[in-house]
Amino acid sequence: MSIRFENGVFHLTNGRVSYMISLAGGKYPLHLYWGKKLRRVEDDLTMRLAGRDANDFNLHETPLDRLPQECPTFGMGDMREGMLHIRQEDGTTALDLQFVSHEVMKGKPVLPGLPSARGEMAETLILTLKDPENGIRVDLLYTIWEDTDTIARSARIYNEGKEAVTLEKALSVCVDFTEADYHLLTLSGGWARERAMELRPLVQGDQGTSTVRGASSVQTSPFMALLSPGTDENRGQVYAMALCYSGSFQGIVQVDQFRAARMMMGIQPFDFSWRIDPGTDFQTPEAYLTWSDQGLNGMSQQFHQLVREHIVSGPYAKTHRPILINNWEATYFDFNEDKLVDIADCARKRGIDLFVLDDGWFGHRDQDNSSLGDWKDDMRKLPGGLRGLSEKIHGSGMKFGLWVEPEMISPDSELYRAHPDWCIHAGDRTRIECRHQLVLDMTRADVRQYVTESISQALERGQVDYVKWDMNRNINMVGSALLPADRMKEFHHRYILGVYEVMRAITERFPRVLFESCAGGGGRFDLGMMCLMPQAWTSDDTDAWMRCRIQYATSLVFPPCCMGAHVSAVPNHQTGRSTPLATRAAVAMGGTYGYELDIRKLPEEELQEIEKLNQRVHAWQDVLLYGSFYRLQSPYQGNESAWMSVSQDGKRAVVTHVFAQSQPNARSDLLKLTGLDPAADYREEISGKTYGGDALMQYGIPVDAPWNDYKAQQFWLERVDR
Ligand code: GLA
């Protein structure tokens, strides 16, 4: 791995990918290349373009308008959207960022206040640019890792001038492509149908994905990729970006008059600004660039490696996760201690490790219209409080987990009556509730302190082993009682920095606890959250077929060890659909496995099946959660979905295939596997049959045409050592 500077070119490479920046024009860092490793590039094009003066072009252009750049700004001749936009005290915004110096360091710097990937096996290039007129200095950070074909980028903006400036746009990354012959892949959706794959050809003008909701959201996802024509799961070039940020973001691809594409991502510029006083600075979130010439699976392998090795942390990052049972869909708000202990007991007898008490244990919350913020045990439901319940659960040998929604406040709460100005609000306007709740103003230190202490006390009382950290509404009315009017546009970013601070404080205070983030399902399923909590609830939709779609698309960026997935009751509470227990379990094994149903109501034969499933999950968890994951058949393209995981040592593999509707007169088919050793043989545990790795990949494994709807088949392969 190396970062070199030769003949005016910075070259970052790990032996498989190259990222090159040219200083051909002397002044500006120009984007030269990103993709498969090259030895060098003769920088003729940028030299030629940079060497010309404006008169060589037609009336509407300057050289910068044609040059591929690393950190474009508006006002110096580039007429495309810029990455940074800064307003000076005199109101003007031209920004001339010229190269000053560079530095290469081992590892990577910690980004103040923001979650970011760790720098093991990494090197970082810092390019320093400066505007000679106004003292604005920008450090562009580029990190390359040895073990993943991913490059992290961010920017830090320093005010070394004499006057305050206002940052009006601060994206994290810009990559200029010399052509636009790509399809844009984004993820979009809604509540209970998060992250659906959307693919469209690039056209001249703007396209992309963005949100103004104050969260990465169920509607959008801070990820986008450009796919070369004909790209599928295993073939084609993919250029992907994902942002390590949980607030409003923007991802934009702008195609210009010459069909050159500019791809950028970062904090949403709408309703954003940040004052930078002299001597202070601003750090943008980190964006990850992943390139692959092996299609979408190739891209995902690189993201998964990044997430597993450099993003998730804590004692559960690489170890067995407990099998949990959550009482939400079993009881909703209607529970008492006896009922909970009963459910937990029944679950424990069948090999479930962790009982999670969901919403409704505090204040007087019998519906979703009260008590958020009052993190005091409801003694009507829990006569011994959290402590009493947790002692019983622990006493029986299970772990105990708890749901909290720390960022929220119900108008019907003691907290709201005591501190009506602690919620986000706009002066005297009627406060717009959503799910009967308001959002706490996490930009305030007093609010952050209250949240940290009250939640910590609850976790201590409950001696919890696991926390589900929920967030059930977005921010629409922006306003804080403490922020001055001219800084109100800092609100959204300050909010998310406040959330990160509280999450960091609480996760550090409880280092042995397993944290799972959640946001009305998968409404904050992003890399920022994943730095703080190693798993996230993927969706409130637990229907097996819908989950095939949601988990399939989520796996573009996230490995199975990040995706909360549960077996729930049938008919399913979100779709009314009934699917067999084995299918629900097979799909839930695509993530961190658990249950979300009243286990007491299941017939004995299903309970026995659950016992066996749990044993299997434990025995194969290292493959299911931490193996190399491959998508095999897309539920977006038909009636089937299939995926597989191969253990890191290559010795074991699990294959899952799901049929949606059964069809009459259908024939059994062959499913081609991938990621195996062609020279090895594999024994399938259930059938006892042995197959050649080459045949499994070239010829395939037979999957039966099902008689009923929603049938899953799983194959458990173990390498036969000769
Ligand atoms: C959100 C979560 C659910 C559940 C409820 C409780 O919708 O996604 O899993 O915890 O809140 O109110």
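# A guided tour of the predicted model

Begin by selecting the ligand and D470: an N or O atom in the side chain of D470 is 2.9 Å from an oxygen atom of the ligand. This pair is a polar contact, a term for two N or O atoms within 3.5 Å; within protein, one atom must be able to donate a hydrogen and the other to accept it, and residues adjacent in sequence count only if both atoms are side-chain atoms. The structure is a predicted model, in which local features need pLDDT of at least 70 and side-chain atom pairs count only at pLDDT 80 or more, while totals for chains, interfaces and linings use all residues. Residues are numbered from 1 along each chain as its sequence is written, and side-chain values use heavy atoms, with hydrogens and water left out.

## Stop 1: the ligand and its shell

An N or O atom in the side chain of D359 is 2.6 Å from a ligand oxygen atom. On its own the ligand has 300 Å² of accessible area, and the protein covers 96% of it. Such areas come from the Shrake-Rupley method with a 1.4 Å probe; for residues, only the protein chains shown count as cover.

How many residues surround the ligand? There are 13, and the closest are D358, D359, R435, K468 and D540. The shell is made up of six charged, four nonpolar and three polar residues. In this division Asp, Glu, Lys and Arg are charged; Ala, Val, Leu, Ile, Met, Phe, Trp, Tyr, Cys and Pro are nonpolar; the others, Gly among them, are polar.

## Stop 2: aromatic rings

The structure holds 23 aromatic pairs. Rings of Phe, Tyr and Trp (its six-membered ring) pair if their centres lie within 6.5 Å; planes under 30 degrees apart are stacked, over 60 edge-to-face, and the rest tilted.

Select Y19 and W34. Their rings form a tilted pair, with 6.5 Å from centre to centre and 50 degrees between the planes. The pair links distant parts of the chain, 15 residues apart: Y19 is in strand β3 (residues 17-22) and W34 in strand β4 (residues 30-36). Strands (E, at least two residues) and helices (H or I, at least four) are DSSP runs, numbered from the N terminus. Are Y19 and W34 buried or exposed? Both are buried; the term means under 20% relative accessible area, with exposed over 50% and partly exposed in between (1.4 Å probe, protein chains only).

Move to Y182 and Y239. Their ring centres are 5.8 Å apart and their planes stand at 75 degrees, so this pair is edge-to-face. Y182 lies in the loop between β10 (165-176) and β11 (183-190), and Y239 in strand β15 (residues 238-244), so the pair ties together parts that are 57 residues apart in sequence. Y182 and Y239 are both buried.

## Stop 3: charges over rings

Select R66 with F258. R66 lies over the face of F258, 4.2 Å from the ring centre. R652 likewise lies over the face of W620, at 4.2 Å from the ring centre. The criterion is that NZ of Lys or CZ of Arg is within 6 Å of the ring centre and within 35 degrees of the ring normal.

## Stop 4: a buried glutamine

Select Q302 in helix α3 (residues 295-311). With a relative accessible area of 16%, Q302 is buried. Its side chain reaches the backbone nitrogen of D149 at 2.7 Å.

## Stop 5: backbone details in loops

Select V570 and P571. The peptide bond from V570 to P571 is cis, with omega near -5 degrees. P571 is in the loop between β29 (563-568) and α12 (581-588).

Next, select M121, in the loop between β6 (98-106) and β7 (122-130). M121 is not a glycine, yet it has a positive phi of about 55 degrees. Its relative accessible area of 41% makes M121 partly exposed.

Finally, select N665, in the loop between β33 and β34. N665 also has a positive phi of about 55 degrees although it is not a glycine. Is N665 buried or exposed? At 82% relative accessibility, N665 counts as exposed. The loop between β33 (652-659) and β34 (669-671) holds A666 too. A666 is partly exposed, at 41%. A666 and W707 are 41 residues apart in sequence and 9.3 Å apart in space, C-alpha to C-alpha.

Methods. Near = heavy atom within 4 Å.
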